[in-house]
Amino acid sequence: MTLPPRRENETDRRLMLLVGLVVVLASVIVVTALRPALTSVAPRSLNDAATLVMLAFMIAVGTLVKARVRIRSTTHSISWNETAIVIGVAIAPLPWVVLCTVVGIALASLRLSPIKVAFGVGKNVIVAWGAGTTLTALGWPSSSGDWRMVLPLAGAYLVAALLDDLLAIPVIALASGTKIARNFRSNLDLRLGGFAVRFLVAVCTLLILQASPRFLLAVPPLVLSLHLTYSARIRARTEQQAWQRLARATDALNVVDLDNVLTTAVTQAAELFSADEVEIELHEGDRTVRGGADGVIAYDGRPGEPTPVDGTVVPAALEGHDRTADVGVLRLRFRGPVQLSEREQYTLRTFASALCTAVRNAQAYAQLARVADEHAYAASHDALTGLANRRQLLEQGTEQLSTKHADGVTALMLIDLNHFKEINDTLGHAAGDQVLVQVAERLRGAAQGDDLVARLGGDEFAVLLRGLPAPAIAAHRAETLLAALHEPIDLDGMRISVEASGGIAAAPTAGGMPELLRRADVAMYQAKRAGQRISTYAPTRDTADLNRLTLGGELPRAVADHEFTVNFQPIVDLASGEITSAEALARWHHPTHGLIDPLRFLEAVERSGLLPAFAEAILDQALIAAKTWREAGFDVPIAVNVSPRSLLDARFPGSVLARLRAHDLPPDQLVLELTETLTLSQLDVVDRVLSRLRDEGVRLALDDFGTGYSSLSLLSRIPVHELKIDKSFVTAMENSAEAAAVIRSTLDLGRSLDLTVVAEGVESEPQRRALWQLGCAAGQGHLFARPMPAGMLLAALQRGAGGGPGLLAPPLHDAGAVIRLGRRTGGRGRDRHPHQPA
């Protein structure tokens, strides 16, 4: 790692302090040795002078004959000078050796910097002093002359070797920024072997000198051959270690995470090439990483940021063996001048190629991981809204229910948008998608941290509520979620109101997530059928729903045994209270369950293959009633609800017209009520059916007008005769300006298109009067009469409840107070029924 300036300064101070201590200690030794050298042990003959010259020369040559090792930008040498020093202290007085050491080291180091000269002289002076002191302490003069000198000489050599390492290695570690312990361990076996060889050379040299000084001529060739052998051994070991480190380094790059690859490469390259800093620059992503042998990334960012390491830069392109891929550049930085050997250059190219492969593999793996993550995300999320999908909801819900949690109750809320299909059919699927996205954003924003919001498909959403304090809290949370949908949605300049129904179910004791989902679905459809925003699952109502499934299996018998009957609710003139028509409402008289509401069986009928038979049975009973009333003198048209599925049957018009002929009723006595669930996508198929019926004189009405988005679109495609205002607007008109505005606009629309407008759900006289004042001509509801059998309606026609025959309520005006205008001609209402008020 590149050291910051403060750490560099601290390292420099410690290095100078250590060098200074060595120099000071050596100076003390030199001063101490200088006095006896000049007095008691001064050279007294030519032989003594020759000995001094020979000692200085040996120490100088021993210093110059080196095996060089580079650490970072500093080259360190393994020399023979301790051998010369040990020989010197064995044949000459210690003060002589100290002075010769100063002279010999200084002469051999003339080309080095002053600090290196000072440290080299100081270190070797201390080594000489230590070796000589040890040799004297072991009684060297009395032991000389035979092999008994080996023991004290070995002690002196051991002290010299230890002092050399103890003084040199800390300085090398501080200068190169490496660890002291690592430098002690590095090539320890070679150093020990070298010490042993040089010790033997010293012993042999002394024996030769004692035998005959002439044999000293054989020592230089011997030393040179030993030095060359040792140097070759060091180079071989260095080569072997380099290849081993290269193999380990390239193996370490076999990781798939790019960050790990870069960190490993920086660390391994710093160790492999003994670099002060390693920089890797990647072309893809404009990324640069710098660090050192300590494994810490000092910089990770964009290229161009300056580095504090100023010196030699050795670059290597990160390219494959075939040189077809170039992913970046590897740079080795050294603080001083460095020139890599041929072997190091080859190693660098090999490492760069391996790093290129590792980077490409990591990038490819990262791409595969991103693709896998995208696929995993797509498999668990809705592509349109980004919410969780059904799969993730089931997985997380199952995990939640399968683990016993002490943090509260788990519940599920299902949300279904009302009349969403009309948005798609009217405004297009793109607009529908925008609505779904905005609904998803609002639900996500309204949900709490532990909630999981999901889209199950279409316009159905789910929210998994976790950690509830009590089951009842789910209803309050559901209100908050649905309240988020209250504000209209801006859609390309239009404001679309979104209505939704929600069902809530708490986690069951058995059945897991599928059962929880089923219960929430049951609750949601209960809310829809009851016209509520939210419904909470109740087992009692679920039993009814289960019974409905059972009832579905009894439909064939019910049709065959004529268990379906029809009740009739009168439609009256709001002004006079006179019955103008009646709506047929189907009922099922079950032999066991009694009277069953159509909400519980109509869906099953529509899904079964019995719809044509059921429709014929209901239509037959309605037409029989109308024929009975007609024969009694009352022309009361009958309105019958038609399933959208029936309109998809090409045989339906023929069946209706055949029933009319069979009962001898004119077609205009029958009104077929269409619901707004009849969507635009179906109209192409339905057009032919409705056109034939209308052409034959059958009247058409649009039921529940105003509750869906497709009302105006339907009117533009289907030429109906009547509009029926949904009862929800009538109920809310007294307290809601919006409901009153819908009724007013519907009435205006009816007048402009010359259509009859009927208000459903009239419950009170104020409602009746308000509708009449707005211009609504007809209405039906409990204010006038509840659904009743055909005979009871005939009796009401005959008896009258409002003061005269056919009157169900007193008139809102005195006789003659209202002047009826003549019937208009032309327009869509030119075939208005004769009983329709003008």
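Reply: Glu722 lies in strand β21, which covers residues 722-725. Strands (E, at least two residues) and helices (H or I, at least four) are DSSP runs, numbered from the N terminus. The structure is a predicted model, in which local features need pLDDT of at least 70 and side-chain atom pairs count only at pLDDT 80 or more, while totals for chains, interfaces and linings use all residues. Residues are numbered from 1 along each chain as its sequence is written, and side-chain values use heavy atoms, with hydrogens and water left out.

The relative accessible area of Glu722 is 12%, so the residue is buried. Buried stands for under 20% relative accessible area, exposed for over 50%, and partly exposed for values in between, with a 1.4 Å probe and protein chains only. Apart from neighbours within four places in sequence, Glu722 is in contact with Val671, Arg699, Leu700, Ala701, Leu702, Thr756 and Val758; a contact means heavy atoms within 4.5 Å.

Next, the aromatic side chains. Rings of Phe, Tyr and Trp (its six-membered ring) pair if their centres lie within 6.5 Å; planes under 30 degrees apart are stacked, over 60 edge-to-face, and the rest tilted. This rule gives three aromatic pairs. In one of them, the ring centres of Phe564 and Phe614 are 4.9 Å apart and the planes stand at 85°, so the pair is edge-to-face. Phe564 belongs to strand β15 (residues 564-573) and Phe614 to helix α21 (residues 611-631), so the pair links distant parts of the chain, 50 residues apart. Phe564 is buried at a relative accessible area of 3%, and Phe614 counts as buried at 7%.

The pair of Phe568 and Trp629 is also edge-to-face, because the ring centres are 5.2 Å apart and the planes are at 80°. Phe568 lies in strand β15 and Trp629 in helix α21, so this pair ties together parts 61 residues apart in sequence. Both Phe568 and Trp629 are buried. Phe564 and Phe614 also form one aromatic cluster with Trp588.

Last, the whole chain. There are 29 helices and 23 strands, and buried residues make up 47% of the 838 residues. Of the contacts with a separation of 6 or more, 68% are between residues 24 or more positions apart. The accessible surface comes to about 40400 Å², 57% of it belonging to carbon and sulfur atoms. Such areas come from the Shrake-Rupley method with a 1.4 Å probe; for residues, only the protein chains shown count as cover.
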